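Student: I'd like to learn how to read a protein model, one feature at a time. Could you walk me through this one?

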Amino acid sequence: MALQLVVMGVSGSGKSTVGSQLGDKLGWKFYDGDDYHPEENRKKMAAGIPLNDQDRIPWLCHLHDILLREQASGQNAILACSALKKMYRCILENRGTGGDCGHLEEHETPPSLNILFVHLAGPMSLIAKRLEKRKGHFMPPALLQSQFDTLEPPSPPEKSITVSLEKSASEIVSEIEEYIKNLNC
Ligand SMILES: Nc1ncnc2c1ncn2[C@@H]1O[C@H](COP(=O)(O)OP(=O)(O)OP(=O)(O)O)[C@@H](O)[C@H]1O
Ligand SMILES: O=C(O)[C@H](O)[C@@H](O)[C@H](O)[C@H](O)CO
C-alpha cells in the first residue's frame with residue numbers, strides 16, 4: 001500500500017527542508033503545506049497573529065484531499081505540514097473526523113489514508129536561532145512560542161516517529177529513509 005509521509009512540527013523545525021530533500025532522494029512527490037494556506041491565513045501569520053482551529057480546518061481538509069488523491073492512485077507522497085494538534089492529524093488522516101470539514105454525510109465512512117507522521121522535535125532555543133537567520137518567509141519568529149503552546153506531540157495509537165532536529169538535514173533524511181526501508185521488509 002502506498003505511504004503518505006507527513007513531516008510535522010512547529011514553524012522552523014525543518015519540515016520544508018527535510019521534506020523536499022527526502023522527496024528528491026526517494027523520488028516521491030513533495031507537497032509543502034505552506035503553499036496551500038489561503039491568503040487570509042498568510043496575512044494573519046505575517047501580522048503576528050497565530051492561526052486558530054477555524055483558520056486551519058479548511059486548509060487541513062484540502063491537504064487531506066491531496067494525500068487521498070495520491071493514495072488512491074497508489075503513489076507515495078510527502079507533505080510538510082505543522083499538524084500541531086491531534087485533531088489536526090485526525091483531519092489529515094480521515095477528512096471530517098475530529099473536525100468539521102462539512103463534506104461528509106453522517107452515514108459515510110471517511111476514507112482513511114496510510115499515513116506516517118514524522119515529528120521533527122527539538123529545543124525552542126535552537127529553532128528560534130534558525131528562524132532569526134531565515135530570510136524572506138512570511139512567518140515571524142515571534143509566533144514560535146504559540147506554536148509550542150499549541151503542539152500536542154503525536155503518541156500511540158497514532159502512527160508516528162520522532163526525529164531530533166538537532167541533527168543535520170541530511171542525517172534526518174537518512175534516518176527517515178532507513179525507517180521506511182524497514183517498514184517494507
Ligand atoms: N537540520 C537542520 N540543520 C540546520 N538548519 C536547518 C535544519 N533544518 C532546517 N534548517 C534551517 O532552519 C530554517 C527553518 O527550516 P524550514 O523552513 O525547513 O522549517 P519549516 O518547519 O518548514 O518552517 P515553516 O513551518 O515556518 O515553514 C531554514 O532556514 C533551514 O535552512
Ligand atoms: O499551523 C500553523 O500554525 C501553520 O501551519 C504554521 O505552522 C505555518 O504554516 C508555517 O509553519 C509557516 O511557517
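Student: Leaving aside its neighbours within four places in sequence, which residues is M1 in contact with?

Tutor: Contact here means heavy atoms within 4.5 Å. By that rule, and skipping neighbours within four places in sequence, M1 is in contact with Q71 and N114. The C-alpha atoms of M1 and N114 are separated by 7.5 Å, although the two residues lie 113 residues apart along the chain. Before we go on, this is a predicted model: local features need pLDDT of at least 70, side-chain atom pairs count only at pLDDT 80 or more, and totals for chains, interfaces and linings use all residues. Residues are numbered from 1 along each chain as its sequence is written, chains are lettered from A and ligands numbered from 1 in the order in which they are written, and side-chain values use heavy atoms, with hydrogens and water left out.

Student: Is M1 buried or exposed?

Tutor: Buried means under 20% relative accessible area, exposed means over 50%, and partly exposed is in between (1.4 Å probe, protein chains only). M1 has a relative accessible area of 83%, so M1 is exposed. M1 sits in the segment before strand 1, and A2 is placed in the segment before strand 1 too. A2 comes out at 10% relative accessibility, which means A2 counts as buried. Not counting residues up to four places away in sequence, A2 touches Q71, G74, Q75, N76 and N114.

Student: How do I get the overall layout, and how many helices and strands are there?

Tutor: Helices (H or I, at least four residues) and strands (E, at least two) are DSSP runs, numbered from the N terminus. The chain has seven helices and five strands. Along the sequence they follow the pattern β-α-β-α-α-β-α-β-α-α-β-α.

Student: And what does the radius of gyration tell me about this chain?

Tutor: It is taken over C-alpha atoms, and the globule rule is 2.2 Å times the number of residues to the power 0.38. A compact globule of 185 residues would have a radius of gyration near 16 Å, and the chain has 16 Å, so the two agree. The C-alpha trace spans about 45 × 40 × 25 Å along its principal axes. Buried residues make up 43% of the 185 residues. Look at contacts with a separation of 6 or more, and residues 24 or more positions apart account for 76% of them.

Student: Now a single helix. Which residues of helix 1 are buried?

Tutor: Here's the general idea: an α-helix has 3.6 residues a turn, so residues three or four places apart point the same way. In helix 1, the buried residues are K15, V18, G19, L22 and G23. They cover an arc of only 130° around the axis, which puts them on the same side of helix 1; the arc is that of the directions from the helix axis to the C-beta atoms. Their cover includes strand 1 (4-8), strand 2 (29-32), strand 3 (77-80), strand 4 (115-121) and helix 7 (169-183). Just after helix 1, G27 takes a positive phi of about 75°.

Student: What about the largest nonpolar core, which members touch the most others?

Tutor: A nonpolar core is a set of buried Ala, Val, Leu, Ile, Met, Phe, Trp, Tyr and Cys residues joined through side-chain atoms within 4.5 Å. Of the 43 residues in the largest one, L5, C81, L92 and I176 touch the most other members. Helix 3 (residues 53-72) gives the largest share of this core, seven residues.

Student: Where is A83 found, and what is its phi?

Tutor: A83 is found in the loop between strand 3 and helix 4 (86-93). Its phi is near 40°, a positive value in a residue other than glycine. A83 has a relative accessible area of 0%, so A83 is buried.

Student: Which residues does a cis peptide bond join?

Tutor: It joins P156 and P157, with omega at about 10°. P157 is found in the loop between helix 6 (144-150) and strand 5 (160-164), and E152 is found in the loop between helix 6 and strand 5 as well. E152 counts as partly exposed because its relative accessibility is 36%. Leaving aside neighbours within four places in sequence, E152 is in contact with L84, K85, K86 and R89. From C-alpha to C-alpha, E152 and A83 are 9.0 Å apart in space, and 69 residues apart in sequence.
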